[in-house]
Each structure stands twice: as C-alpha cells, then as structure tokens.
Amino acid sequence: ALGLVETAHNRCARGLVLSDDELRQIYEVRAQLEGYAAEQIARAKISMRARLQKLMERMRKAANNSDSAAFSEHNTSFHRAILEATGNDTLVGLWEGLNVKSRTMLNVVRHRADLIAVTDSHQKLVDALESGSPARARAAAIAHVLDNKP
C-alpha cells in the first residue's frame, strides 16, 4: 500500500528501490497537485490556519525528538489536510497515489533533512493560503514542495 514493495508474476516480492531522480520526479508532480489545491483553497477563502498550525506543532515536536517517522506522519497529515479541504476526491486520489508519506520518510532519512527547517518552511505556505490570493498560494505550495525535494 505504501509503494515500497514490488511483486512480479510467479516471483517473490522485493523492496522497491527509488533513485534520487525518480524521487525528484515524484516531488515535481506532487508540487503541481499541491499548487492546484492551494490555489483552490485560497480562491474559496477556506481558512485553515488553526488546523495547519496544530499540525506544524506536532511536526516541530517530532523534529525536536529526531523522530523522522512521526515527523513524516505529521508532515503528510499537513499536506493531506490541504488536499482534502478542496473537496476534490480525484485530486486527493492522485496525490495519495504518489505515496507521499513513504516518499517523505525516504527523503528525510536518505538526505538527513533538517527537520526543524523543514517544519518552519511550512509557515510561508500557511500565510499564502490565508492571503486570499490564488496565485500566491499556488506559487507558495509549489515552491514549498520543490524546496524540499531531494
């Protein structure tokens, strides 16, 4: 379900190994999906500040404890909340198909990300979502994802 195991017909299952290039491609597609979602949220003037700040606090606690698994969980919840707020099930399904949680965990562990800095980088996105400017929200979401890609 997380996209970390592949199976071949009449063969055993094995762990899936993603290259940095494949991971970057996933982040590039993810950036466009999240940019679209952010644009829709800003256009509809849906306020998410309180909910997203709470998720950022959870990310920060995990980051302070160097708990990359919990960090990845809360980071994914943050981004999923934005996608779900659009009410667009197709968009959410496409995003979930990217296996964002497992890809985030892989990126965090493989590249030893500064989890505090990554947590702090979410604030610009929250501010852009609350600005009411669809263009600003879209740009901030895309930049946020691409700034954190491998």
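Leaving aside neighbours within four places in sequence, which residues is V100 in contact with? The legend for V100 below gives the answer.

**Figure 1. Overview of the predicted protein chain.** This is a predicted model in which local features need pLDDT of at least 70 and side-chain atom pairs count only at pLDDT 80 or more, while totals for chains, interfaces and linings use all residues. Residues are numbered from 1 along each chain as its sequence is written, and side-chain values use heavy atoms, with hydrogens and water left out. The protein chain has 7 helices and 2 strands, in the order β-β-α-α-α-α-α-α-α along the sequence. Helices (H or I, at least four residues) and strands (E, at least two) are DSSP runs, numbered from the N terminus. Of the 150 residues, 38% are buried; buried means under 20% relative accessible area, exposed over 50%, and partly exposed in between (1.4 Å probe, protein chains only). The accessible surface comes to about 8,100 Å², and carbon and sulfur atoms hold 51% of that area. Accessible areas come from the Shrake-Rupley method with a 1.4 Å probe, and for residues only the protein chains shown count as cover. Among contacts (heavy atoms within 4.5 Å) with a separation of 6 or more, 76% link residues 24 or more positions apart.

**Figure 2. V100 and its contacts.** V100 belongs to helix α5 (residues 100-111). The residue is buried, with a relative accessible area of 5%. Outside the four places on either side in sequence, V100 is in contact with R30, T76 and W95. V100 and I26 are 74 residues apart along the chain, and their C-alpha atoms are separated by 8.8 Å.

**Figure 3. Helix α1 against helix α7.** The axes of α1 (residues 20-44) and α7 (residues 134-147) come within 7 Å and cross at roughly 155°. Axes are lines fitted to C-alpha atoms, for helices over the stretch in contact, and angles run from 0 to 180 degrees between N-to-C directions. The angle makes α1 roughly antiparallel to α7; angles under 35 degrees count as roughly parallel, over 145 as roughly antiparallel, 65 to 115 as roughly perpendicular and the rest as oblique. The crossing of α1 past α7 is right-handed. A crossing is left-handed if the near helix is turned anticlockwise from the far one by less than a right angle, and right-handed if clockwise. On the α1 side, the contact includes Y27, R30, A31, E34, A38 and A42; on the α7 side, P134, A137, R138, A141, I142, V145 and L146 take part. By class, the contact of α1 with α7 has 11 nonpolar, 2 polar and 6 charged residues. Ala, Val, Leu, Ile, Met, Phe, Trp, Tyr, Cys and Pro count as nonpolar, Asp, Glu, Lys and Arg as charged, and the others, Gly among them, as polar.

**Figure 4. Helix α6 against helix α7.** The axes of α6 (residues 115-130) and α7 come within 8 Å, with a crossing angle of roughly 165°. This makes α6 roughly antiparallel to α7. α6 passes α7 in a left-handed crossing. From α6, V118, S121, H122, K124, L125, D127, A128 and L129 meet R136, A137, A140, A141 and H144 of α7. The contact of α6 with α7 divides into 7 nonpolar, 3 polar and 3 charged residues.

**Figure 5. Helix α2 against helix α6.** The axes of α2 and α6 come within 9 Å and cross at roughly 175°. The two helices, α2 and α6, are therefore roughly antiparallel to each other. Residues of α2 in the contact include L52, M56, M59 and A63, and those of α6 include L115, I116, H122, V126 and L129. By class, the contact of α2 with α6 has 8 nonpolar, 5 polar and 5 charged residues.

**Figure 6. L52 in helix α2.** L52 lies in α2 (residues 49-64) and is buried, with a relative accessible area of 1%. Not counting residues up to four places away in sequence, L52 touches F78, A81, I82, V126 and L129. L52 and H122 are 70 residues apart in sequence, and their C-alpha atoms are 8.9 Å apart in space.

Figure 7. K45 lies in the loop between α1 and α2, and its phi is near 55°, a positive value in a residue other than glycine. K45 is exposed, with a relative accessible area of 63%. S66 is found in the loop between α2 and α3 (68-85). Phi of S66 is near 55°, again positive in a residue other than glycine. S66 is exposed, with a relative accessible area of 62%.
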